[in-house]
Amino acid sequence: AAVDSSTAIKSTNLDATKLAGLTSSNPVFHILDKPKHGRIKRIIRTSRTRTTRSLRDREIQHFTQEDLSNGVIYFVGSNTGLTSNTTDELIYRLEAPGVQPARGIFRFTVITSGITSWQPLPNVTPTGHAPVPVATRKDIVVASCVVASLLL
């Protein structure tokens with residue numbers, strides 16, 4: 001994410017759709033530890049107002065898989081005087097009915113300038129295989145949940 005701008009967190013970054021399907025629910029991500037260089041916000045762009053670009057936004061403590069799929073969850077970078085790119089993280093607890101809650105960490109890079117938006121860091125599968133880009137993974141959150149719930 002760029003400093004002093006907003007970047008959507010999408011279901012390609014955090015994905016609990018398999019968990020949603022298994023539990024027939026809408027899994028909830030509870031924020032346990034906020035990012036240090038910005039805020040997590042729900043931003044809804046409205047078209048029912050007179051202004052052409054009206055936004056409703058607020059900082060949140062939790063969000064759902066449906067929120068991610070709808071593209072309304074954003075990391076909003078704060079201008080904290082960063083002089084170089086840095087890694088930040090969001091620590092969360094994922095909950096769905098009928099399964100043990102799991103703790104997860106979503107790490108990303110905050111950039112100070114440029115056009116490229118933030119990029120998730122590579123993740124290692126629970127079996128220890130080589131890292132696979134997060135954007136191509138469909139099982140990252142579910143796999144993290146299984147491993148995390150065993151460790152708790």
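1. **What you're looking at.** This is a predicted model, where local features need pLDDT of at least 70, side-chain atom pairs count only at pLDDT 80 or more, and totals for chains, interfaces and linings use all residues. Residues are numbered from 1 along each chain as its sequence is written, and side-chain values use heavy atoms, with hydrogens and water left out.

2. **The parts list.** You'll find three helices and eight strands in the protein. Both kinds of element are DSSP runs numbered from the N terminus: helices are H or I with at least four residues, strands are E with at least two. Starting at the N terminus, the order reads β-α-β-β-β-β-α-β-β-β-α. Of the 152 residues, 40% count as buried. Here buried means under 20% relative accessible area, exposed means over 50%, and partly exposed is in between, using a 1.4 Å probe and protein chains only. The accessible surface comes to about 8,900 Å², and 52% of that belongs to carbon and sulfur atoms; these areas come from the Shrake-Rupley method with a 1.4 Å probe, and for residues only the protein chains shown count as cover. Now take contacts (heavy atoms within 4.5 Å) between residues at least 6 apart in sequence: 68% of them join residues at least 24 apart.

3. Four strands form an open sheet in the order 5-2-7-8, with antiparallel pairing. Strand 5 (62–64) and strand 8 (102–110) are at the edges with a single partner strand each, so one side of each has no neighbour in the sheet. On average, neighbouring strands here are turned by 35 degrees against each other, direction ignored. For such angles, axes are lines fitted to C-alpha atoms (for helices, over the stretch in contact), and values run from 0 to 180 degrees between N-to-C directions. As background, strands of a sheet pair through backbone hydrogen bonds, either parallel or antiparallel.

4. **Who faces whom.** Two strands count as paired if DSSP finds at least two bridges between them. Strand 7 (residues 86–95) and strand 8 pair in the antiparallel sense over nine bridges.

5. Ser 25 belongs to the loop between helix 1 (17–23) and strand 2 (28–33), and is partly exposed at 21% relative accessibility. Leaving aside neighbours within four places in sequence, Ser 25 is in contact with Ala 20, Ala 96 and Pro 97. Pro 97 is 72 residues apart from Ser 25 along the chain, yet their C-alpha atoms are separated by 7.2 Å.

6. Ser 24 is in the loop between helix 1 and strand 2, and is exposed with a relative accessible area of 69%. Ser 24 has a positive phi of about 50 degrees although it is not a glycine. Most residues other than glycine have a negative phi.

7. **The inside.** Which residues touch the most other members of the largest nonpolar core? Of its 20 residues, they are Ile 9, Leu 14, Phe 29, Ile 40, Phe 63 and Ile 73. Strand 2, strand 6 (73–77), strand 7 and strand 8 each supply at least two residues of this core. A nonpolar core is a set of buried Ala, Val, Leu, Ile, Met, Phe, Trp, Tyr and Cys residues joined through side-chain atoms within 4.5 Å.

8. Is Gln 65 buried or exposed? Gln 65, in helix 2 (residues 65–70), is buried, with a relative accessible area of 3%. Beyond four places in sequence, its contacts include Ser 11, Leu 14, Asn 26 and Phe 29.
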